[in-house]
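Please read this briefing beside the sequence and the structure, and follow each residue in the viewer as it is named.

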Amino acid sequence: MSRFARRTPVAHRAAPRPGCAVRRDGATAHLVPRGELDLATAPVIERRLADLRDAGFRVLVLDLRRVTFIDVAGLRLILRWTQRGDVVRFAVIPGSRAVQRIFGVTATRGDVDFVDACGARSRERPRRRSR
């Protein structure tokens, strides 16, 4: 094979299919989106949160552990629900380091009620860069 021959591209890992699961536990509902939380999917998540609120759930938890990417539309959705007064509590289970990065870059990490999977407040602290 010559060095100019066309090579077969390396297969990339397929992105997870977008979706959203709901887990209910008493007055608490956990919304678990999968895939990207962006301009295309944020309205779907917004509707699901509103439906859960309207169904009488007083505590809403958004679980970001299966989210692979979040953009400013996803961030705005989370900040909007954090500031709402029509639910007793809106909390977020942190996602991967790549997902959490947007909260650090935009200095909004302290504005969001991050909890661990059991509902306790997360110990996540802003990381300082080493020089």
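This is a predicted model: local features need pLDDT of at least 70, side-chain atom pairs count only at pLDDT 80 or more; totals for chains, interfaces and linings use all residues.

Thr106 is found in the segment after H3, and although Thr106 and Leu75 are 31 residues apart in sequence, their C-alpha atoms are 9.3 Å apart in space.

**The segment after H3**

- Ala107 is placed in the segment that follows helix H3, the helix spanning 97–105, and its phi is near 55 degrees, which is a positive value in a residue other than glycine.
- Which residues does Thr108 contact, leaving aside its neighbours within four places in sequence? Thr108 is in contact with Leu75, Leu79, Ile102 and Phe103.
- For Leu79, one of these partners of Thr108, the C-alpha atoms of the pair are separated by 8.3 Å, while the two residues are 29 residues apart along the chain.
- Cys118 is likewise found in the segment after H3, and at 75% relative accessibility Cys118 counts as exposed.
- Between Cys118 and Ile93 the spacing is 25 residues in sequence and 9.2 Å in space, taken from C-alpha to C-alpha.

**Asp54 in helix H1**

- Asp54 has its place in helix H1, and with a relative accessible area of 57% Asp54 is exposed.
- Asp54 and Val87 are 33 residues apart along the chain, and their C-alpha atoms are separated by 9.7 Å.

**The contact of H1 with H2**

- Two packed helices are described by the angle between their axes and by the distance between those axes.
- For helix H1 (residues 42–54) and helix H2 (residues 72–83), the axes come within 9 Å and cross at roughly 20 degrees.
- H1 and H2 are therefore roughly parallel to each other, since angles under 35 degrees are counted in that way.
- Is the crossing in which H1 passes H2 left-handed or right-handed? H1 passes H2 in a right-handed crossing.
- On the side of H1, the residues that take part are Ala42, Ile45, Glu46, Leu49, Ala50 and Arg53, and in H2 they meet Ala73, Gly74, Leu77, Arg80 and Trp81.
- By class, the residues of the contact of H1 with H2 divide into seven nonpolar, one polar and three charged.

**The chain as a whole**

- The protein chain has three helices and five strands, and when it is read along the sequence these elements follow the pattern β-β-α-β-β-α-β-α.
- Of the 131 residues in the protein chain, buried residues make up 40%.
- Among contacts between residues at least 6 apart in sequence, 64% join residues that are at least 24 apart.
- The accessible surface of the protein chain comes to about 9,300 Å², and 50% of that surface belongs to carbon and sulfur atoms.

Terms used:
Residues are numbered from 1 along each chain as its sequence is written. Side-chain values use heavy atoms; hydrogens and water are left out. Axes are lines fitted to C-alpha atoms, for helices over the stretch in contact, and angles run from 0 to 180 degrees between N-to-C directions. Helices (H or I, at least four residues) and strands (E, at least two) are DSSP runs, numbered from the N terminus. Angles under 35 degrees count as roughly parallel, over 145 as roughly antiparallel, 65 to 115 as roughly perpendicular and the rest as oblique. A crossing is left-handed if the near helix is turned anticlockwise from the far one by less than a right angle, and right-handed if clockwise. Contact means heavy atoms within 4.5 Å. Ala, Val, Leu, Ile, Met, Phe, Trp, Tyr, Cys and Pro count as nonpolar, Asp, Glu, Lys and Arg as charged, and the others, Gly among them, as polar. Buried means under 20% relative accessible area, exposed over 50%, partly exposed in between (1.4 Å probe, protein chains only). Accessible areas come from the Shrake-Rupley method with a 1.4 Å probe; for residues, only the protein chains shown count as cover.
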